[in-house]
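User: I am new to reading protein models. Could you walk me through a few features, one at a time?

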Amino acid sequence: MTYRRAGRSGLDLPVVSLGLWQNFGDPQAFETQRAVVLEAFDAGVTHLDLANNYGPPPGAAEEVLGRILARDLTHHRDELVITTKAGYRAWEGPYGEFGSRASVLASLDRSLRRIGVDHVDVMYSHRFDPRTPLEETLGALRTAVDSGKALYAGISSYSARRTREAVAVAGDLGLRLVVHQPSYSMLNRWVEQPQQDAGGASLLDVVEEAGLGVVAFSPLAQGMLTGKYLDGVPETSRAARGSSLPRSYLTPEALDHVRALDAVARERGQTLAQLALTWVLRDHRVTSVLIGASSTRQLRDNLGAVAAAPLSDDELARIEAHAVDSGVNLWGPRSSDL
């Protein structure tokens with residue numbers, strides 16, 4: 001495994017991290033979940049990413065990881081980077097979502113109980129809350145860090161302008177943000193796009209300026225870049241279930257681009273998923289890519305990206321023609337005011 005430093009912090013992360021958003025809810029087999037986590041750890045994937053709403057139901061993924069930690073990894077806690085978030089709906093009532101102090105700190109306490117640890121390594125604000133002052137949301141993160149319940153603080157899916165504002169507010173509060181977690185893939189390049197309300201800067205420009213690391217989630221575009229949909233929609237796929245990948249995303253134009261990218265991957269001796277991860281990691285501002293895995297076989301395939309040769313200028317040019325925004329950013333409109 002290769003590790004990169006998160007911005008100008010002291011936090012090192014593996015270039016491939018394991019996200020527990022999908023495949024760690026109640027319907028899944030625990031022994032399969034356990035096998036994925038343990039194989040990832042043995043391969044050097046020391047970063048395990050959670051949120052209070054991951055499941056289903058909300059909290060289930062944290063409980064699953066808690067069982068695995070207690071059974072297998074108790075003595076390896078200090079080798080792990082465990083991260084969680086608060087912001088999306090996790091319980092009923094007015095404080096079960098968004099970014100109030102009451103919600104963020106209650107969520108963190110619930111997460112610690114479910115995981116069975118006394119602290120997480122990074123606590124994130126999962127999404128920008130337009131109804132709550134940034135001073136309150138980030139003040140809650142400072143309390144989490146000052147209390148020792150979190151070692152670092154981060155934000156997720158904030159636009160370029162809101163990220164710049166958050167960094168300034170955090171500085172006034174004496175809190176240092178160390179990492180931003182945005183969606184980013186060959187089919188979802190919003191983090192590269194200049195934003196007028198940020199003075200023409202992109203999100204990647206803003207995080208580099210502020211010294212934040214970037215942990216890119218959904219680098220496989222909710223599965224569109226796994227090769228699964230090259231010849232139709234499998235019955236067991238996310239698109240068929242209507243979950244995090246709406247079938248409407250699988251337009252003929254988008255699939256033509258995916259097939260062209262798959263051709264580049266095959267010429268490089270990679271799978272499409274490996275190429276997608278290699279491409280996101282080409283940018284020095286990206287610290288790590290978050291992958292999900294429903295099996296150890298899928299995990300091993302994705303980890304093959306770590307040893308891949310750098311993309312040549314010719315390959316980058318061919319990819320550029322087909323790495324086009326395909327309207328798959330689920331989080332933009334509901335996570336920040338893009």
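User: Is Arg131 buried or exposed?

Analyst: First, a word on the source: this is a predicted model, where local features need pLDDT of at least 70, side-chain atom pairs count only at pLDDT 80 or more, and totals for chains, interfaces and linings use all residues. Residues are numbered from 1 along each chain as its sequence is written, and side-chain values use heavy atoms, with hydrogens and water left out. Now the idea: buried means under 20% relative accessible area, exposed means over 50%, and partly exposed lies in between (1.4 Å probe, protein chains only). Arg131 has a relative accessible area of 64%, so Arg131 is exposed.

User: Which residue does the side chain of Arg131 meet in a salt bridge?

Analyst: A salt bridge is a side-chain nitrogen of Lys or Arg within 4 Å of a carboxyl oxygen of Asp or Glu. For Arg131 the partner is Asp129, at 4.0 Å from N to O. Asp129 is buried, at 3% relative accessibility. By this rule, the model has 27 salt bridges.

User: What does the salt bridge between Lys85 and Asp49 link?

Analyst: Their side chains meet at 2.7 Å, N to O. The pair links distant parts of the chain: Lys85 is in strand β5 (residues 81-86) and Asp49 in strand β4 (residues 47-49), 36 residues apart. Such labels come from DSSP runs, numbered from the N terminus: helices are H or I with at least four residues, strands are E with at least two. Lys85 is buried, at 0% relative accessible area. Asp49 is buried too, at 1%.

User: Which residues are linked in a network of salt bridges?

Analyst: Glu31, Arg34, Arg71 and Asp72.

User: Now strands. How many bridges join β6 to β7?

Analyst: Two strands pair if DSSP finds at least two bridges between them. Five bridges join β6 (residues 120-125) to β7, and the two run parallel. One partner pair is Val122 with Tyr152 in β7. The chain goes from β6 through helix α4 (residues 134-146) to β7, a right-handed β-α-β crossover. Right-handed means that, with the strands pointing away from the viewer, the path from the first strand over the helix to the second runs clockwise.

User: Why is β7 largely enclosed?

Analyst: Five of the seven residues of β7 (residues 150-156) are buried, so the rest of the structure largely encloses this strand.
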